Amino acid sequence: MQMKKLTTLACAAAFATLSGAASAQISGNTVKIAVLTDMSGTYSDVAGPGAVLATQMAIDDFIAEAKPAFKVEMVSADHQNKADIASNRARQWFERDGVDTVTELVTTSTALAVMKIAKEMDRIALMSGPASTPITNEQCNDRTVHYTYDTYSLANGTAKAVTQQGGKNWFFLTADYAFGQSLEKDSSAVVVANGGKVLGSVRHPFPASDFSSFLLQAQASGAQIIGLANAGADTTNAIKQAAEFGITPKQQLAGLLMFISDVHSLGLQNAQTMYLTTGFYWDFDDDTRAWSKRFFDKHKKMPTMVQAGQYSSVLHYLRAVNAVGSDDAGKVMEQMKKTPINDFFAKNGRIREDGRMVHDMYLAQVKTPDESKGPWDYYHIRATIPAEEAFLPLSESVCPLVKK
């Protein structure tokens, strides 16, 4: 009897030691997630406060689901779309505040800056808002996940569809920084590959409010299609001013990166029939509707694909931390890459060796006012672009992490 009691005590002590060791793998027994985004500028409707809310929803859902032994905390800041502000804040978070992952990072310039610091500090950068393909191609690293979409997938949807439907001659109106340049480059390649021709392009400052001179150059080109290689308020301002100057409907606009928030801002009268490519639509199926209703109840706006992708990426990260019992960046990244993603945002999504999360994308067309049943009922989903077609094939990648 005495021996059995001693054995029981020994087992309990061993279990406690193992539990303590596991919890010691989480530094400070706290996982700290930082949201670094545009809270007040051009992309604040796309990401901003909605991305912060999505992050908190993911944390709350994870805690309810997993009941982890560790705590989860969130901090957030406005990077103002400036790389120096973003990199300084990220370094401070990593060095002084014990942050494990910096997330969201809408704006390519801020993303490229922060992902280098995350690599240097052996932490993880989870990106939902930035778009440029180089994040997981020329400038890839093994501590970065590019989650929601990129310029290759956008071009492979919108530019391909518009060109195949007869929009053969293009002129690009491009935001003059890494994102706009990447979107113009990828879209131009798709236009040419599908039998079209690029007549020219003009670059505008980021952000911009007056597009008159740039639109007049696009008008003078005589192109059938004016490709808007910009996003957020830049896109909506360009579309509104094109209508004011009588450029449309004589020439057609192609919004190469448009969000549901942009359509809501423009109104269906201005945005109707435009094609766009998206990784998420709130009214796609029962799962997307259920999550989006929860988001809408708190935010009073339907989620953009960036905000939906932010939730999914943070939840995937936390599940990986819990699975390995550690916040070690290498172990967590390995777990994230080997675990399929199945939630309302993505079915059978996966993170490739280059850090690109691949999943189905969707070609959407904006409804006419008569077709819409009410606010936020904005899209016809015209086609599903399978994951293996939506993103840059690994065979074409120059990322050094990709084994040839």
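Modeller: Gladly! In contact terms (heavy atoms within 4.5 Å), 24 residues of domain 1 touch 24 residues of domain 2. This is a predicted model, in which local features need pLDDT of at least 70, side-chain atom pairs count only at pLDDT 80 or more, and totals for chains, interfaces and linings use all residues. Residues are numbered from 1 along each chain as its sequence is written, and side-chain values use heavy atoms, with hydrogens and water left out.

Colleague: Which residue ranges make up domain 1 and domain 2?

Modeller: The assignment, automatic or from a database, gives domain 1 as 30-149 + 285-359 and domain 2 as 152-278 + 361-390. Their centres, taken over C-alpha atoms, are 27 Å apart.

Colleague: How much area do domain 1 and domain 2 bury between them?

Modeller: The size of an interface is often given as the accessible area lost when the parts come together. Here, summed over both parts with a 1.4 Å probe, that is about 1800 Å², 69% of it on carbon and sulfur atoms.

Colleague: What about cavities: how many are of 30 Å³ or more?

Modeller: A cavity is a set of points on a 1 Å grid over the protein atoms alone where a 1.4 Å probe fits but cannot get out; lining residues have an atom within 4 Å of a point. The count is 3. The largest cavity holds about 70 Å³, the space filled by probe spheres set on points joined across faces, edges and corners. Among its 13 lining residues, Tyr43, Val106, Gly129, Tyr149 and Leu257 lie nearest its centre.

Colleague: Where does the second largest cavity lie?

Modeller: Both domains give residues to its lining, so the second largest cavity lies between them.

Note on methods. 1 Å grid on protein atoms, 1.4 Å probe; cavity = no way out; pocket = protein on both sides within 12 Å on 5 of 7 lines; lining within 4 Å. Buried area = accessible area lost by both parts, 1.4 Å probe.
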